[in-house]
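I keep these notes for a reader who is opening the structure without having seen it before. The entries follow the order in which I looked things up.

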Amino acid sequence: MALSIPYLLTIITFLPLAGAAIVTLVPGDGAKKWLALATTLVTFLVSLLLWTNWQDGYAGMQFVEDVVWFAPLGIRYALGVDGVSLFLVLLTTFLMPIAVFYSVLYVEHRVGAYMALMLLLETAMIGVFVALDLVLFFVFFEASLIPMYFLIGEWGGKNRVYAAVKFFLYTFAGSALMVVAILIVYFSTGTFDILALQKAQMPLAVQTWAFLAFSLAFAVKTPLFPFHTWLPDAHVQAPTAGSIILAGVLLKMGTYGFLRLAMPVFPQAAEQFGPLLATLAVIGILYGALVALMQKDIKSLVAYSSVAHLGYVMLGIVAMNAQGVSGSILQMVNHGLSTGALFLMVGLLYERRHTRMLDEFGGLWASVPVYTGLFLVVAMSSAGLPGLNGFVGEFTIMLGAYNYMPIFAVLAAAGVILAAWYLLTAFRKMAQGEITNPANDRAHLKDLNGKELAMVIPLVILFFVIGLFPNLFFDKINPSVEAMLETRAAILQQATAEQTPAFELAEIMATEAQ
Amino acid sequence: MNSADLQLNLHPVLPELLMVATAAVVMILDMFNRKGKAPTRALLPWVALVGVLVTAAASIWLIGQPVSSFQGMAINDARAQALNLVVLAGAALTVLLSIRYIPNVNRQTGEYYALILLVSTGMMAMGSATDLMALFLALETFSLGLYILAGLNRTDRRSNEAAMKYFLLGAFASAFFVYGAAYVYGATGSTRFDLIANALFDGQADPSLLAIGVTLLIAGFGFKVSLVPFHMWTPDVYQGSPTPVTAFMSVGTKAAAFAAFYRLFAFALPSEQATWGPVLGALAILTMTLGNLAALRQSSLKRLLAYSSIAHAGYILVGLATATSAGIDGALFYLISYAFMNMGAFAVIILLERQGEMDALGNRLNGLARRHPQVAMLMSIFMFSLAGVPPFAGFFGKFFVFAAAVSGGYSWLAAVAMLNSAIGAYYYLRIVVNMYFAEPTEETRIEPQQASIPLAFALGVSAVFTVALGVLPSLWTNLVQSGALNLVAMR
């Protein structure tokens, strides 16, 4: 390690919270905006220390902090990052300045509250990814609901209140049983420590119930088909920056939950329910893509494409092999970048035309070439074009899925074709052909300006970096993933050994001896 | 009986004595006020407040010195002190809420503060009683005071109705309680908890007499904490009583009755746990489900909080159904959290009431955030906390209580309770929706006669503790630690 900074993760997690406090105290909308932006930028820069000080090849948790939080129940304030969570933290700190900058340009209504909520949300999201204690995880997981609820409800579209309430109640109800499951797990193992839980043995009945309860919470959050119905409402109604964060980061809390908790902590139950989850994931891929194909509103198209993309991530996680899991982690980041960028592009267009209906557009190539070109890159990244980020993740996931159960890989591959179809259809309707609506011509529609480019370009650069040099990322991801899978395999083996009757065990040992 | 039993040990009842003394001072000071010359009346709430705070300090000082006194009729262990602190927190906040409010409702300010102090004394005594007779005495002390407080607004029909209903049903409840106590005495030959437990242990008790007795005692307590099906009075009484009284009632009565409930089951009937645990569990489910479902349909804020308080009684009962020390400590944490978040919510209702009104409809909150952003933010904190969303106190209240349930083998109960709290989230969220996403109306304006500095202070204190206990639950548990708040030991 180059240099070690004490409390680095605490600083990264709570810098935005401190920023939120300052933002509410400072007078003047302009000052509030720039302070919020500065906070997210500083947070991002500080979080880069995680990358620069990363101990390559080390599989365990890094930058660990561990303090007793509530002694009677052994609840700890324990933070750490490993290859599984590193890039999710960086994704969050990277997307936040973009989302906040967008808001600086386009949000005028109750700026102070808006910025404070964005910053609170950032603290909650980072907290989820760095928490090593189950209760701490849950606290961050649930706390993220409150700012998002207000962001959708106050700054959203026409139907925002309905969408906000649906978002809150759906996810809150989804995680209600998880509280009980957390307690059952605790009283069965005696710890809330997530890493210790991954190594713990639990009775199959406990595993089954707890797995189902955890899965319900995460499936709603992800969202996994058929728990996705809150998502299109929330996305379409949310303000653009809210959509970027919702799609970019918030949904990953669900898949991250599966990856960090549900799958490795309850390995036997996860084995049993794996095919079911994989089936739901594949249904999500195909269903999301087909529904996206039907959408007339670009934003709901992107929202449904999220359902499909998260299906890939889930598929890789369920496969629980090195390719599947590593691919999923990278794909979480990819989806965050690509879909975040898509929402950003849609938002930029909406600010100009105040509509998102595909029919309203056409011929944008001619009038706004820079915008259209970038849109094409973003769409291709989302569709998984080789050379861009989406391809690497999806391809690795397919490999994992194939090794798990080939049929799922085959079906998922069909989803890739559908993705290209709906994205290119949308692009054709928007960009190609004649300008049919005078509002779309060069005189009325302005191309991207410097500030807007400053938001889009970093994303596009990352598309290429990940697409061309995936090993920069896999090198940091893989050791932790392999270690996690080894632990899981050992626990599974041990569990099967215990269940195998003694005489069979003797036979096995005899054959092995030969 | 040896000589030690005869000695009258006043040291453990110091908190109660301080409260009674303060009440006496308040009443005497009020006497000098008759001709309206000296402004002593304005001093009364502050005298009461100082008394409450001194008592709280005494309670904290007494933690870790558990002594049984009055020949085993009362014990002042750490849990009794913890209960004292819950009641005193409620009383202190109530005094702050009353300073502007009560003079509008009733001119007799002196008796009001004296009654608050005496009612608190009765509630505190409930938590330390270890004898059915002492328990009954405490029960009646606080109940009688509350009947008067409920009817404080003598010119208001609703307030009269509330007082009358509360008195009649309360009298029934007391009768049930006494009748039950008599049966238990008949079955076991004693009213003292330890002797009852001994009799049960020796197998000398008549099981059918005991069963009748315990059933009646549960009914009596059930009325006080408004368990379903003994909850009918709650919405009417909550709505009709002056709002600070309602707030105090919702917090103090619940705390006192639950503390006594726990003492009875843990000290007198430990051997009966297997029989009564499931019964209490079933009552808990009925209570929370009915409370939540009824709360969904309320338009009056006080009725909404009344049904919500019924639901919360159900959650707390989950902790008691297990009859473990983890359960009671969880319930105590729940009660202190509830004290702050619920008092805070009532403080906001007081702000919204017009001159002479004693309730506000939910739509009066419409657009509150536009007009009074700070108030709306605090109310949101209370609502999210009541819903059980982290990082607020209400979350850990539920977490600890349900932890006790799971460790005591009542996972199903915890699961039903959590699903219930998801229902509850709906109506708490509706209040937030009204405040933030609805258009403000003329009604939304806060009347200056209600917005006083003490009330603002009470709101702030409630909010600070609602957040602080949610972020650092050990603040409370360390304070009452000698009560062996040790959930781990229960594993």
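Is helix 11 of chain B mostly covered or mostly uncovered? I found that 24 of the 26 residues of helix 11 of chain B are buried, where buried asks for 20 or more other C-beta atoms within 10 Å of a residue's own, the C-beta atoms being placed from the backbone.

Before going further I noted that this is a predicted model, in which local features need pLDDT of at least 70 and side-chain atom pairs count only at pLDDT 80 or more, while totals for chains, interfaces and linings use all residues. Residues are numbered from 1 along each chain as its sequence is written, and chains are lettered from A and ligands numbered from 1 in the order in which they are written.

Helices here are DSSP runs of H or I with at least four residues, numbered from the N terminus. I also recorded a kink of about 25° in helix 11 of chain B, centred on M249(B); the bend is the angle between axes fitted to the seven residues ending at a residue and the seven starting there.

Next I turned to the two chains, and found 30 residues of chain B in contact with 27 residues of chain A, contact meaning C-beta atoms, placed from the backbone, within 7 Å. Helix 18 of chain B gives the largest share of the side of chain B that touches chain A, namely 13 residues.

I then looked up F382(B), which lies in helix 16 (residues 373–387) of chain B. F382(B) counts as buried because 27 other C-beta atoms lie within 10 Å, and, leaving out residues up to four places away in sequence, F382(B) touches M341(B), G344(B), A345(B) and T466(B).

Last, I checked confidence: chain B averages a pLDDT of 85, with 91% of the residues scoring at least 70, on the predictor's scale of confidence in each residue from 0 to 100. Over residues 1–6 of chain B the pLDDT stays under 50. Where pLDDT is low, the predicted coordinates should not be read in detail.

Technical notes. Helix = DSSP H or I, 4+ residues; strand = E, 2+ residues; numbered from the N terminus. Buried ≥ 20, exposed ≤ 12 C-beta atoms within 10 Å, placed from the backbone.
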